Amino acid sequence: MLFTEIIKFIKNGKSGYIKSHFIEDINIISPASITLASQNQITFLEENNNLKENIMTTKASAIILFNDKELLQKTYKRNISTIVVSHPKIAFAEILNIFEKEIIPESGIDSSAVINSTSKIGDNCYVGPNVFIGKNTCIGKNNFIYPGTVILDNVEIGDNNIISPNCVIYQNTKIKDHCIVNSNTVLGSEGFGFIPKDGKWLKVPQTGGVIINNSVEIGTNCCIDRPAVGDTIIGEGTKIDNLVQIGHGVKIGRNCAFAAQVGIAGGAIIGDGVILAGQVGVNNRVKVGNNVIASSKCGIHADVNDGEVISGFPAIPNKLWLRSSSLFKKLPDLAKKLRQLDKK
Amino acid sequence: MLFTEIIKFIKNGKSGYIKSHFIEDINIISPASITLASQNQITFLEENNNLKENIMTTKASAIILFNDKELLQKTYKRNISTIVVSHPKIAFAEILNIFEKEIIPESGIDSSAVINSTSKIGDNCYVGPNVFIGKNTCIGKNNFIYPGTVILDNVEIGDNNIISPNCVIYQNTKIKDHCIVNSNTVLGSEGFGFIPKDGKWLKVPQTGGVIINNSVEIGTNCCIDRPAVGDTIIGEGTKIDNLVQIGHGVKIGRNCAFAAQVGIAGGAIIGDGVILAGQVGVNNRVKVGNNVIASSKCGIHADVNDGEVISGFPAIPNKLWLRSSSLFKKLPDLAKKLRQLDKK
Amino acid sequence: MLFTEIIKFIKNGKSGYIKSHFIEDINIISPASITLASQNQITFLEENNNLKENIMTTKASAIILFNDKELLQKTYKRNISTIVVSHPKIAFAEILNIFEKEIIPESGIDSSAVINSTSKIGDNCYVGPNVFIGKNTCIGKNNFIYPGTVILDNVEIGDNNIISPNCVIYQNTKIKDHCIVNSNTVLGSEGFGFIPKDGKWLKVPQTGGVIINNSVEIGTNCCIDRPAVGDTIIGEGTKIDNLVQIGHGVKIGRNCAFAAQVGIAGGAIIGDGVILAGQVGVNNRVKVGNNVIASSKCGIHADVNDGEVISGFPAIPNKLWLRSSSLFKKLPDLAKKLRQLDKK
């Protein structure tokens, strides 16, 4: 693809085109990272990226940059063609979209799939080998159900979804439209509901369901449980990374992002736009407000107000945690000084 | 189901029936949560539940309550039929049991299952599509083996078990009776046994097995490893949530409950009735006494005596941890005061 | 196997044979742990093992010991045959290797496997029931692909690998030789790449791949993601336990060992010989030097130099962490003393 075509494409995109510069209209064959790029490849550099020094060594023929005079001068000197935008990473994502050779299986139902006759599958779906679909399940159009996935009874799947290989989707699960469920993820498994009684555990039947709203993406090896009554709900546009546990009856708002190994215990309520970093835990029935950010390994034991940035275990405001943590490692000194003062 | 029939049912149950009250013998169509219940539904409210205020707004026609005069008066005023019991949650679980429309596949072996001729399957079992069963495996009666599950050689499965879709059960695993293994869980995979030698890792063959005793329930995406010699053992009645790691050679007692993302390292010994909250970790070879309770994210580095309640990382008594944690966030103040005293 | 044959075998091994002692050339039927061993079984005891007392009660007929006069005297008295070596655990691993009855399926492709005609499978491979293999995938010789595993398009697998049941291997994944991938593990799933934009998440296409080098072993239910561009790389000889998350674009060196539930965020670079204990987390783009050891639950927020031993969250040097942690539980006392001093 010619560099001038890429410029045109970026101008029509969402990255905030500012300007561009080139001597020759080179042919761009693919995108690459700044450290690995070679001739005829395009790369990018965003603000605050610690790879800036690579501008002097990269072999990329073109680069997408944020608006920085000094860096731009360097690219001129090294004869690298440039596109300057407000959000280089967005521009790079758009370029990846052009060059991505998506591997899309042809629509059709593989002969080895076992599908109950009471279930319906819409137009233009791919149902891969060894898929199982139970009774009274209703699947819309343009869905990809990859090999080895098991969909049990009474499941509703809308349109334009991707269900990756070896997933399991239980009864009473509803997946709306434009969702991606990655491999080996389980939706709608029974919640962990037991009551202590005479030293044993009495089981609470989990008769509820799971609702996955539009444009949700769920990583690999995740678990989203169904509750005793009602539904576990994932809000529109929320993105969930790998190995994440969502307990029974949890409600998650819209456009959240949860990193890998996050665990949310039963009945917790999470607002919109919440960001939970890796290995964060949220306790039973806790309410987390809108736009909360929790840093990695944070343990959220109590309700959190809108917009808070929290850290630590139990979670406290991030700035306080940074100060307290830096004093934690000085505890031996503090204790020593205290002993000295005490002796005086 | 008529309300009077439900009363009769609860009287015969384990929740400790006290009394009931109604004006009309209404028809109950299903159970629901207090916030979502509508007419002709029954709900419940247990002590210390922060949803008490909902008693004034719920649309439920009937409610199971603990013995509280004030709340009871409110239900009378709102014309809600009531059943008063000692343990409302147990009564509600019993009602869920009545109304649950369990989806039970018919017994029979699907034609797409691949079963080695040396293996035996007892009467009245369901073996779903695309199940694989290896050599010399012995499966009792009344078992459900859901689609996509792989059971390798020399496995013994007793009676009345549920093995969910896409599980993997390795050689030398024994599952007794009345167990539930949820989806994508792996039992009997090889323990992580390596010895450092000249900068590389020498593998220790894992020739042991896994024993799952009666009435054990295991969540989705769990891993229970087999050891080099001997067995990894899960005691009768123990319940395990999702994404839990049980290392090789671990022995777990009876009637324990482990929440999601718990990890127990190789050779640890856990007593009876132990409760581990979410994301708790237990170190190699540590002994945890009977009835220990470890709060979420706790890191158990050393042996713990019977009945202790522990928190934190490394784990300390819960009450001490609460006090120390509340001082952790005051460390900046404490350090400041110390500096001031030092100047004097 | 006769005891004298075992001696010969150990002499030829890597455990550092020192001497042996026996009265009668007994027949050894199998290896066992020191607590469970019975007559005609062989066990072992390594230095610093807290099971030393069992030397007086074990029913084992033979034992592999480290060079300890006192213990040796005890075995003489109890008439237990002994082999003394520098590394008893290595000797025991070698003996396990002899006695292990490996269950190896016969080579051949099961008729229920669905394999695209454009893919190639080398000589002497086992491809189990219900395996799916997509387009243009190239699999070498002597591989075991267990039942239910899904291998998508454009995958390269070398020789002598074991891919366990129900794994998923995505496009652009390369597995070299002598690797083991345990059950339900997913390699090459799309990295968690989203850019915040107007309150929503813009997806970054993940067009890269995953490279698993020689002699890597990966546990059950693990996730190794592919990046936007370039490759996620696991170095030769590295061993990974269960439920581990390796984010997109992570580079891991050679001969590392990661325990269960470790999570490594996108773009992190891990050196050679790094040991991460259970539930450790590594932040985005962090660089961890060679031979670093991180204790369990450690949170690595910043770069770590070669050879450091670290603990805690955020990670600090292990010795400092031990001292600070022991003072953490004394915070109530320290605060009290400070108040007293303040009053004076």
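**Close-up views of the chain interfaces**

**View 1. Residues at the meeting of α5(B) and α5(C).** In this predicted model, B:Leu334, B:Lys337, B:Leu338 and B:Leu341 of α5(B) meet C:Ala335, C:Leu338, C:Leu341 and C:Asp342 of α5(C), where contact requires C-beta atoms, placed from the backbone, to lie within 7 Å. The residues of this contact comprise 6 nonpolar, no polar and 2 charged (Ala, Val, Leu, Ile, Met, Phe, Trp, Tyr, Cys and Pro count as nonpolar, Asp, Glu, Lys and Arg as charged, and the others, Gly among them, as polar). Residues are numbered from 1 along each chain as its sequence is written, and chains are lettered from A in the order in which they are written. Local features need pLDDT of at least 70, side-chain atom pairs count only at pLDDT 80 or more, and totals for chains, interfaces and linings use all residues.

**View 2. Crossing of the two α5 helices.** The axes of α5 (residues 331-343) of chain B and α5 (residues 331-343) of chain C come within 11 Å and cross at roughly 35 degrees, the axes being lines fitted to C-alpha atoms over the stretch in contact, with angles running from 0 to 180 degrees between N-to-C directions. The crossing is left-handed, that is, the near helix is turned anticlockwise from the far one by less than a right angle.

**View 3. The side of chain A that touches chain C.** Here 50 residues of chain A are in contact with 49 residues of chain C. Helices α3 (88-99), α4 (318-328) and α5 (331-343) of chain A each supply at least two residues of this side (helices being DSSP runs of H or I, at least four residues, numbered from the N terminus), and α5(A) gives the most, with 6 residues. This side of chain A divides into 20 nonpolar, 22 polar and 8 charged residues.

Definitions and conventions
Two residues are in contact if their C-beta atoms, placed from the backbone, lie within 7 Å.
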